[in-house]
Amino acid sequence: MNDVTANGATANAVTMYWRPGCPFCIKLRTQLRLARIPYRKVNIWRDPEAAAFVRSVADGNETVPTVVVGAHPAMVNPSVRRIREALRP
């Protein structure tokens, strides 16, 4: 069973920040689907707060994909292996 955080999200929820046309985002989305890892996508070009978050964890750049797994620190352009490791209890 997943733990639930104060805001109601599961503790190991995966959020992927992306932008249209990003080949690295396309690759990671494909890998996540093949690995059957559920995730939520946030388009940084449509969500200014999301873009600001990505800049805050990527040295001022809008580097995507940026992925957050639960309470773990944000990962900039992570591998599926790193995401799986963050999902482990």
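Which residues are exposed on the other side of helix 2? Pro48, Glu49 and Ser56 are. Exposed means over 50% relative accessible area, buried under 20%, and partly exposed in between (1.4 Å probe, protein chains only).

## Model and conventions

This is a predicted model, in which local features need pLDDT of at least 70, side-chain atom pairs count only at pLDDT 80 or more, and totals for chains, interfaces and linings use all residues. Residues are numbered from 1 along each chain as its sequence is written, and side-chain values use heavy atoms, with hydrogens and water left out.

## Overall layout

The chain holds three helices and four strands. Their order from the N terminus is β-α-β-α-β-β-α. Helices (H or I, at least four residues) and strands (E, at least two) are DSSP runs, numbered from the N terminus.

The chain has 89 residues, and 33% of them are buried. Take the contacts in the chain with a separation of 6 or more: residues 24 or more positions apart account for 50% of them. A contact means heavy atoms within 4.5 Å.

## The nonpolar core

The largest nonpolar core has 23 residues. Such a core is a set of buried Ala, Val, Leu, Ile, Met, Phe, Trp, Tyr and Cys residues joined through side-chain atoms within 4.5 Å. Met16, Tyr17, Leu28, Ile44, Val67, Val69 and Ile83 touch the most other members. Two or more residues come from each of strand 1 (14–18), helix 1, helix 2 (48–57), strand 3 (66–69) and helix 3 (80–87). Strand 1 gives the largest share, four residues.

Leaving out residues up to four places away in sequence, Val67 touches Val14, Thr15, Met16, Leu28, Pro73, Ala74, Met75, Pro78 and Ile83.

Ala50, Ala51 and Val54 are the buried residues of helix 2. They lie on the same side of helix 2, because their arc around the axis is only 100°. That arc is taken from the directions from the helix axis to the C-beta atoms. An α-helix has 3.6 residues a turn, so residues three or four places apart point the same way. The buried residues of helix 2 pack against strand 1, strand 2 (40–43) and strand 3. Pro48, Glu49 and Ser56 are exposed on the other side.

Both ends of helix 2 have a local feature to check. At the start, a side-chain oxygen of aspartate 47 comes to within 3.1 Å of the backbone nitrogen of glutamate 49. After the helix comes aspartate 59, with a positive phi near 55°.

## Charged residues

How many salt bridges does a search of the whole structure find? It finds one. A salt bridge is a side-chain nitrogen of Lys or Arg within 4 Å of a carboxyl oxygen of Asp or Glu. Glutamate 62 pairs with arginine 55, and their closest N and O atoms are 2.5 Å apart. Glutamate 62 is partly exposed, at 34% relative accessible area. Arginine 55 is partly exposed too, at 33%.

Arginine 29 sits in helix 1. Arginine 29 is buried yet has no salt bridge. The nearest side chain of opposite charge is aspartate 47, 15 Å away. Lys and Arg count as positive and Asp and Glu as negative; His and the chain ends are not counted. Beyond residues up to four places away in sequence, Arg29 touches Met16, Trp18, Tyr39 and Lys41.

## Links across the chain

Lysine 27 is part of helix 1 (residues 23–34). Its relative accessibility is 52%, so lysine 27 counts as exposed. Lysine 27 and serine 79 are 52 residues apart along the chain, and their C-alpha atoms are 9.9 Å apart.

Cysteine 22 is placed in the loop between strand 1 and helix 1. Cysteine 22 is buried, with 2% relative accessible area. Not counting residues up to four places away in sequence, Cys22 touches Val64 and Pro65.

Arginine 84 belongs to helix 3. Arginine 84 is partly exposed, at 43% relative accessible area. With residues up to four places away in sequence set aside, Arg84 touches Ala35 and Ile37. Arginine 84 and leucine 32 are 52 residues apart along the chain, and 9.7 Å separates their C-alpha atoms.

Methods:
A polar contact is a pair of N or O atoms within 3.5 Å; within protein, one must be able to donate a hydrogen and the other to accept it, and residues adjacent in sequence count only if both atoms are side-chain atoms.
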